[in-house]
Amino acid sequence: MPILRSSSPQLIEQLETPCALVDLDRLAHNLDRMAAYCVLHGLALRPHVKTHKSPRIAAEQMRLGATGLTCATPRELEVMSETCTDLLLAHPPVGAAKLRRVLALDHDVRLTVAIDSIEAVEPMAEAADAQGREVDVYVEVDVGMRRVGVGTPDEAVGIARRVRALPPLRYRGITFYPGHVRQHLTRQDEALARLRDDLALWLSALGSAGLPPEVVSGGSTPAAWRMHEVTGVTEVRPGTYVYNDRATAEVGACGWEDCALTVLATVISTAVPGQAVVDAGSKALGREPLPAGEEAGYGILLDRPDVRVVRMSEEHGILDLRGSDWQPRVGDVVRIVPNHVCIVVHLNDVIHGVRGVVVESSWPVSARGRVPGVPLSG
Ligand SMILES: Cc1ncc(COP(=O)(O)O)c(C=O)c1O
């Protein structure tokens with residue numbers, strides 16, 4: 001993937017730890033695999049940028065056929081508007097300050113927002129009117145996660161009707177996030193069958209009301225590989241698939257060999273028997289539990305899956321050596337696959353792209369944080 005190469009390589013061992021490494025071959029494979037899946041099944045791919053927050057990777061996703069990008073924050077929208085002119089804000093845009101910021105995006109950007117309340121529709125229409133721009137709307141429906149999204153087809157029809165009645169807004173379809181489908185891929189049959197049946201009810205109600213959705217947007221990484229089985233879905237928004245992580249590997253949505261991002265850390269102490277301490281704690285790995293709970297730890301060594309991070313302070317990670325014959329020494333360097341990659345990216349200013357032991361390029365996580373504006377480099 002030439003776009004991620006730079007001319008001045010250095011070695012991994014020259015990097016200060018903790019830091020985030022991305023295996024460029026694995027990244028390229030992950031990007032290709034999802035692009036190919038979507039082409040095969042005729043699904044539009046609108047990846048969520050919250051995982052990488054980096055225009056370079058967004059540009060690669062677009063080059064590989066993504067039809068647009070999904071964002072969660074105004075900052076992500078601003079940064080990604082430099083790379084893509086079709087952006088979805090998949091997070092309810094509520095509050096005057098946020099609305100002003102979102103609607104100030106370059107007018108060349110086709111902006112779509114996901115909304116689940118009349119209370120959000122009306123100010124959005126007013127703000128869009130004031131800015132003289134059109135805004136597309138997906139009505140967000142809840143298909144089982146119980147986070148956001150209206151709970152009944154009647155409510156969806158009500159919101160879609162209101163959107164239709166407010167001209168700066170354009171009703172385009174519906175969106176859902178199947179965050180509750182977190183079973184192993186081979187055990188998703190029941191959840192996907194329910195999703196298929198529920199979706200049929202939503203689509204029928206909207207169709208009968210004269211509001212058939214042009215777009216039905218769904219999909220997470222754990223459910224992505226089987227989204228073609230859910231009749232009616234036209235678009236998917238996976239994010240985590242670019243880097244993958246321990247949680248994704250555990251549900252079979254990627255192989256261990258597809259985990260592209262690791263946290264490089266140095267053993268700083270072996271003083272306490274049965275453990276080694278690395279310089280990556282919760283401020284490098286995040287404190288994200290697996291579904292199995294805290295017992296499962298917070299990360300696992302890439303090359304030694306028998307060694308887990310079992311405890312953390314902010315800048316200390318405790319590796320449990322009791323199930324391993326590994327005898328680390330102070331100064332040894334390890335690579336940790338985090339439980340949840342998105343939070344790790346968010347904790348870093350820069351990502352280092354590696355092939356083997358060579359750091360081929362480094363790029364900023366430009367869309368992290370909430371400060372307005374587009375950074376100079378990206
Ligand atoms: C609305 C929405 N769409 C898409 C995604 C991407 O899902 P995943 O992280 O499983 O790839 C997320 C993740 O949080 C999300 O909240």
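This report walks through a predicted model of a protein with a ligand, starting at the ligand and then visiting a handful of residues.

## Around the ligand

Let's begin with the ligand and its neighbours. A shell of 13 residues surrounds the ligand, and the closest are K50, R147, T221, G239 and T240. What kinds of residues make up that shell? Sorted by type, the shell has four nonpolar, six polar and three charged residues. As for where the ligand sits, the space it takes is the largest pocket.

Now zoom in on individual atoms. Three side chains to look at here are those of T221, T240 and Y177. In T221, an N or O atom of the side chain is 2.5 Å from an oxygen atom of the ligand. For T240, the distance between a polar side-chain atom and a ligand oxygen is 2.7 Å. With Y177, a side-chain N or O atom and an oxygen atom of the ligand are 3.3 Å apart. How much of the ligand does the protein bury? On its own, the ligand would expose 390 Å², and the protein buries 91% of that area.

## A buried threonine

Next stop is T70, which you'll find in strand 4, covering residues 69-71. Is T70 buried or exposed? Its relative accessible area is 0%, and buried means under 20%, so T70 counts as buried.

E122 has 28% relative accessibility, which falls between the 20% and 50% cut-offs, so it counts as partly exposed. Now look for R162: E122 and R162 are 40 residues apart along the chain, and their C-alpha atoms are separated by 8.4 Å.

Because its relative accessibility is 52% and exposed means over 50%, G356 counts as exposed. Which distance separates the C-alpha atoms of G356 and D25? They are 9.5 Å apart, while along the chain the two residues are 331 residues apart.

## Backbone details in the loops

A few loops have backbone angles worth a look. One is at P18, in the loop between strand 1 (10-11) and strand 2 (19-23). The peptide bond leading from T17 to P18 is cis, and its omega is near -5°.

R146 sits in the loop between strand 7 (135-140) and helix 6 (153-165). Its phi is near 60°, a positive value in a residue other than glycine. R146 is exposed, because its relative accessible area of 64% is over the 50% cut-off. N244 is in the loop between strand 10 (235-236) and helix 9 (246-250). For N244, phi is also near 60°, and again this is a positive value in a residue that isn't glycine. Is N244 buried or exposed? With 2% relative accessibility, which is under 20%, N244 counts as buried.

Note on methods:
Residues numbered from 1 in each chain as written. Predicted model: local features only at pLDDT ≥ 70, side-chain atom pairs only at ≥ 80, totals over all residues. Heavy atoms only, no water. Near = heavy atom within 4 Å. Polar contact = N/O pair within 3.5 Å; in protein donor to acceptor, adjacent residues only side chain to side chain. Areas by Shrake-Rupley, 256 points an atom, 1.4 Å probe, with all protein chains shown as cover. 1 Å grid on protein atoms, 1.4 Å probe; cavity = no way out; pocket = protein on both sides within 12 Å on 5 of 7 lines; lining within 4 Å. Sits in = over half its atoms within 2 Å of the grid points. Nonpolar A, V, L, I, M, F, W, Y, C, P; charged D, E, K, R; others polar. Helix = DSSP H or I, 4+ residues; strand = E, 2+ residues; numbered from the N terminus. Buried < 20%, exposed > 50% of the residue type's maximum accessible area, 1.4 Å probe, protein only.
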